[in-house]
Amino acid sequence: MLLSEQCYKKIDRELAKYPADQRQSAVMASLAHAQVELGWVSPEVMKELADYIGMPAIAVQEVATFYNMYNLKPVGKHKITVCTNLPCALSGGERAAHHLKQKLGIDYRDTTADGEFTLMEGECMGACGDAPVLLVNNHRMCSFMSNDKIDALVEELKK
């Protein structure tokens with residue numbers, strides 16, 4: 001077993017939301033629980049989830065590769081995604097990305113040498129009026145990110 005008993009209990013709660021013949025409907029939530037536990041979703045984890053849910057492994061892989069919220073390779077402890085769609089880019093997203101790249105010493109899709117931070121470029125996060133917007137570990141949205149706020153965020157995450 002690649003996932004803990006605790007993780008399987010969470011997956012079981014997701015599976016219970018659907019009729020027995022529609023267990024595959026819980027695949028996205030199951031992938032999310034696995035990723036929270038492991039930090040990423042390996043091909044072996046996808047296969048294990050497929051077997052557990054009772055669906056073809058390729059179907060789990062199709063979901064995991066379609067959505068960019070799933071990490072298909074190891075990432076840093078803190079994955080920071082910068083919205084660079086046009087409204088955010090024009091409202092400070094490019095500046096925020098440049099500042100993060102300089103501060104962390106990495107480019108998009110890179111991880112710092114200490115394994116703390118991975119920087120990603122993201123699609124629209126639905127908060128154009130709050131630009132520039134960053135998403136930390138797919139769970140925490142940070143809005144109106146000035147260079148000072150970015151510096152404070154990085155320092156907070158380092159603790």
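This briefing looks at a group of annotated cysteines and then at pairs of aromatic rings. Please keep in mind that the model is predicted. The cysteines come from a UniProt record, where an unreviewed entry carries the annotation "binding site" for Cys 83, Cys 88, Cys 124 and Cys 128.

**The annotated cysteines**

- According to the unreviewed UniProt entry, the "binding site" covers Cys 83, Cys 88, Cys 124 and Cys 128. These residues span 46 residues in sequence, yet no two of their C-alpha atoms are more than 9.0 Å apart, so they gather at one spot.
- Of these residues, Cys 124 is included in the lining of the largest pocket.

**A closer look at Cys 124 and Cys 128**

- Cys 124 has a relative accessible area of 43%; buried means under 20% and exposed means over 50%, so Cys 124 is partly exposed.
- Cys 128 is partly exposed too, with a relative accessible area of 36%.
- Which residues does Cys 124 contact, leaving aside its neighbours within four places in sequence? The contacts are with Cys 83 and Asn 85.

**The tilted pair: Tyr 8 and Tyr 52**

- A pair of aromatic rings is described by the distance of the centres and the angle of the planes.
- In one of them, Tyr 8 and Tyr 52 sit 4.5 Å centre to centre with 55 degrees between the planes, which makes a tilted pair.
- This pair links distant parts of the chain, with Tyr 8 in helix H1 (residues 5–15) and Tyr 52 in helix H3 (residues 43–53), 44 residues apart.
- Is Tyr 8 buried or exposed? Its relative accessibility is 7%, so Tyr 8 counts as buried.
- Tyr 52, on the other hand, is partly exposed, with a relative accessible area of 30%.

**The edge-to-face pair: Phe 66 and Tyr 67**

- Phe 66 and Tyr 67 form an edge-to-face aromatic pair, with 4.8 Å centre to centre and 85 degrees between the planes.
- Phe 66 counts as exposed, at 63% relative accessibility.
- Tyr 67 is partly exposed, and its relative accessible area is 33%.

Notes: Residues numbered from 1 in each chain as written. Predicted model: local features only at pLDDT ≥ 70, side-chain atom pairs only at ≥ 80, totals over all residues. Heavy atoms only, no water. UniProt positions renumbered as here; feature names shortened; annotations may be inferred. 1 Å grid on protein atoms, 1.4 Å probe; cavity = no way out; pocket = protein on both sides within 12 Å on 5 of 7 lines; lining within 4 Å. Buried < 20%, exposed > 50% of the residue type's maximum accessible area, 1.4 Å probe, protein only. Contact = heavy atoms within 4.5 Å. Phe/Tyr/Trp six-rings, centres within 6.5 Å; stacked < 30°, edge-to-face > 60°. Helix = DSSP H or I, 4+ residues; strand = E, 2+ residues; numbered from the N terminus.
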